[in-house]
Amino acid sequence: MQTVEKSIDSFVDKYLIPVEDIWQPTDLLPNSQNEGFMDEVMQIREEAKELGYDFWVVLVADMVTEEALPTYESWLMDMEGVDQHGKNGWSKWIRHWTGEENRHGDTLNKYLYLSGRVDMREIEKTTQYLINDGFDIGTGRDPYKNFVYTSFQELATNISHKRVGQLAKKRGNKMLSKMCSIIAGDEMRHHLAYREFVKIIFDYDPSEMMLAFHDMMKKKIVMPAQFIRESGQGIGEAFENFSNAAQRLGVYTTYDYIDILRKLNAYWEIDKMNNLNDQAEKARDYLMNLPDRMSRIADRIAVPQDQHKFKWVEANGVL
Ligand SMILES: [Fe+2]
Ligand SMILES: [Fe+2]
């Protein structure tokens, strides 16, 4: 961590964008100081009528996932090697990353509020519950495992925001589509940064990095919203129905999960790594075989087609 930290300023410059240059939610939403604000809001509400039930469920849960950012920031700040009190550069990275991420929930939250298609109060309760419930991604305070997780998860969010944007575009909803694709662009930059951190760690500490990657994939990468619930439910009870809706729409599927793993294996050149101890060699072979093994299992599993009725979205929309 000390080794990578020496270059933290160059990573901030390369992968993050300064406040004065980056987009803000207001660039993508109707500006309430403008004369035409109400017209633009009416347009949002008209266009929103074209979007179906599963779509709203997924957009709500994606927004709530983004809004649980306090959980992610505090988790990362607690990693070994990070010092938020001293001059350690890692806290700078985490703060700047958080600053960028914060705009995602902000944007989607405002859009959903204006759309008139969802029950904001129920959604707000879900967000508060999710922050209360926290998460457990199986990394502990280990930075190697955490960077595997973030490398994976930033790409997963890139894919899901991008696909939601494509679906919105298909239904003629340009404003929402632009929002989602611009957010997806942020996620991609973050993914590129985290996978680079891992790549550097592989250079310095290949066996331990391999074992950390293996450990994370063996337990499976859980989603940050694993504990999501609706009001009146127990912890995590809404997750499966949300995930099924995302699979039905093709926004994020088991095949995407496998594809991300293949991409990480390729970028980190897992197959070419030879300077490993015995245990790490076994881990490498496991990781190389895992995508094919998972595909065979995925082919046999059908996605449930029955739509759960969420409190977040009224059922009288387009199905
Ligand atoms: Fe995000
Ligand atoms: Fe992200």
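A residue counts as buried when its relative accessible area is under 20%, as exposed when over 50%, and as partly exposed in between (1.4 Å probe, protein chains only). Phe242, at 9%, is therefore buried.

This tour concerns a predicted model, in which local features need pLDDT of at least 70 and side-chain atom pairs count only at pLDDT 80 or more, while totals for chains, interfaces and linings use all residues. Residues are numbered from 1 along each chain as its sequence is written, chains are lettered from A and ligands numbered from 1 in the order in which they are written, and side-chain values use heavy atoms, without hydrogens and water.

**The iron site**

Select the iron ion (ligand 1). Its protein donors (N, O and S atoms within 2.8 Å of the metal, or 3.2 Å for Na, K and Ca; water is not among the atoms, so sites may look incomplete) are Glu66 (OE), Glu66 (OE), Glu101 (OE), His104 (ND1) and Glu187 (OE), at 2.1 to 2.4 Å. The iron ion (ligand 2) lies 3.4 Å from the iron ion (ligand 1), and Glu101 coordinates both. Glu66 belongs to helix α5 (residues 53–67) and Glu101 to helix α7 (residues 89–115), so the pair ties together parts that are 35 residues apart in sequence. Helices here are DSSP runs (H or I, at least four residues), numbered from the N terminus. Both Glu66 and Glu101 are buried.

**Aromatic pairs**

Proceed to Phe213 and Trp268. Rings of Phe, Tyr and Trp (its six-membered ring) pair if their centres lie within 6.5 Å; planes under 30 degrees apart count as stacked, over 60 as edge-to-face and the rest as tilted. The whole structure contains 19 aromatic pairs. Phe213 and Trp268 form an edge-to-face pair, 5.0 Å centre to centre with 85° between the planes. Phe213 lies in helix α11 (residues 206–219) and Trp268 in the loop between α13 (254–267) and α14 (278–299), so the pair joins parts 55 residues apart in sequence. Phe213 and Trp268 are both buried.

Next, select Phe239 and Phe242, whose ring centres are 5.9 Å apart and whose planes meet at 85°, so this pair is edge-to-face. Both residues lie in helix α12 (residues 239–249), three residues apart, about one turn of the helix.

**Charges over rings**

Finally, display Arg103 and Trp23. A charge sits over a ring if NZ of Lys or CZ of Arg is within 6 Å of the ring centre and within 35 degrees of the ring normal. Arg103 lies over the face of Trp23, 4.0 Å from the ring centre. The charged end of Lys199 is placed over the ring of Tyr267, 4.9 Å from its centre.

Definitions and conventions:
Helices (H or I, at least four residues) and strands (E, at least two) are DSSP runs, numbered from the N terminus.
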